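My entries follow the display.

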Amino acid sequence: MIRIELGSVPRLQGQAVRQQSLWLLLRMWLAASQDGDAGWVRERELRERFAATRNLRMVISRAYADFERWGVRAGWGKDRERPLHMLPLAGRSRGPYWLAPGEAQRLEIALRGAAADAEAVALWLGLPADASATGDAQAFGEADPSYWHAWAGARRDMLDGRLIVDGGHGALAGYRHAQALASDARWQALALLQQAMVWRRAGNADAARAVLDELDRHWHDVQAPEHAWLGAMAAIVRAWCAYAERDAPLAGRILRDAVADARWTPLFEHHPRVRCEHANLQALIHRAFALDAQRPLDERRQAAETALRHYRLALTLANESELFDAAASTASNLGWSIWLFERCGLQAAGSGPHSPLTWIALAAWLSEHHGVGGGCWNSIYLLRMARGGGPDALYPDAAGFRRWPVLGSGQFRAQVAPIELRAQWSRWLDLALALQAEVDGGRLQIDALQRCNLLLEVAWYQAYEGDPAASAAAAARLRRRLRELVPADRVFFREALRRLPRA
């Protein structure tokens, strides 16, 4: 047994000890006391605790040297199956940190001669009083009506696509107002998470990450394990940001680390929203792999199968949980992915007998009947699928371009029956121009990639309808916006513009 006496001069086995080393040891003990041998301490908590320390790596190295001298078996990293003597020193500073099985039981902790419980140790460590709680929901105050009023209003704005509106309106302003009204850390964390999701949907990954960093500073899952889904969702949003920057491998690694995190593993197995968001993002990542022409064909086919399987799971989870905005988004992505795979010769077995347009129609129906908007991807997919992508010839002849077969709106409605949509369009150009008017008028806010895709559809259908001047104007607007995109996306649009008739 290892006896620790807490006080103004803490001692271990009767000897004075380095305070920083003892702090980490007791923090690992507290984590193990709450979560069993699965408990661990993350590097960011040490960085915050020892913010004035210039060299945190040295603090950690000294602590582990002290542990060895004290006879305490402690490890680091997420591979808890590897023997301690085989853990790589190169990764130790990144954590997380944990006690080997059975070590927590060896510590006898006393405060002024009496046995110290988890709450006393948490107070000595300087943690919030709630840090030693074991899931008591009453550890937090209840949010008042003004908080939920602001939160629900922001959610409505988010569903309607009003993300960041001048004059203190829109989803971002609403969630910030809710944060200001929050009675404690739990409600602040919920509002911060939603702010990060607004920024992510608006296409600003840097701003989303900044909000997530603020969330990390103010919220730790140990404060309330029953609300650890906030941490799991924050990790998913970080992965979304990586995917938005076209780094699918990094997004995949972030998700794998999150699933392996002992605090969150059960959430990725059972929490409906976490499971739905995880499945949806996994589908996008595998779709990116399937569409990567540099990969072997068999690998691409397998990735396509995996993507469709994840989409179907996400759609099921979203509908079961009545998350109809997520259901609409997933149905849209499912139809679009099947269409893309078919065009690439990746006819996946999971495609099913239904036309890809049927899933697009389902997404539109869900949006209409459940009042969820939040973008125009589904309409963009519909516009592009109706024209079959368009001719591949470079700068085609205008007359030949206008003879290209385009699926009529009536044909579309017949193909997706019995799904009936309220919106009726006699021309696809009318749909494209109506969406563009919503965006230009500030009534619908979309990210840079959606803006460019919508401008491309406007330019394409204007050329198809015989209005070359208007088409050229839309194409010029599109070219001016290309600098807002990542390089890979710029290439796509430059190639697409070369497939329009010359102005």
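I looked up where helix 9 touches helix 12, taking contact as heavy atoms within 4.5 Å. Trp229, Ala232, Met233, Ile236, Ala239, Trp240 and Tyr243 of helix 9 meet Arg273, Val274, Glu277, His278, Leu281, Leu284, Ile285, Arg287 and Ala288 of helix 12. I sorted these residues into 12 nonpolar, 1 polar and 3 charged; Ala, Val, Leu, Ile, Met, Phe, Trp, Tyr, Cys and Pro count as nonpolar, Asp, Glu, Lys and Arg as charged, and the others, Gly among them, as polar.

The model is predicted, and local features need pLDDT of at least 70, side-chain atom pairs pLDDT 80 or more, whereas totals for chains, interfaces and linings use all residues. Residues are numbered from 1 along each chain as its sequence is written, and side-chain values use heavy atoms, without hydrogens and water.

I then took the geometry, with helices as DSSP runs (H or I, at least four residues) numbered from the N terminus. Axes are lines fitted to C-alpha atoms over the stretch in contact, and angles run from 0 to 180 degrees between N-to-C directions. Helix 9 (residues 229–244) packs on helix 12 at about 20°, with the axes 10 Å apart. Helix 9 is therefore roughly parallel to helix 12 (angles under 35 degrees). Their crossing is left-handed, the near helix being turned anticlockwise from the far one by less than a right angle.

I next turned to helix 12 (residues 272–290) and helix 14 (residues 324–343), whose axes come within 11 Å and cross at roughly 15°. Helix 12 is therefore roughly parallel to helix 14. This crossing is left-handed.

Notes: Helices (H or I, at least four residues) and strands (E, at least two) are DSSP runs, numbered from the N terminus. Angles under 35 degrees count as roughly parallel, over 145 as roughly antiparallel, 65 to 115 as roughly perpendicular and the rest as oblique.
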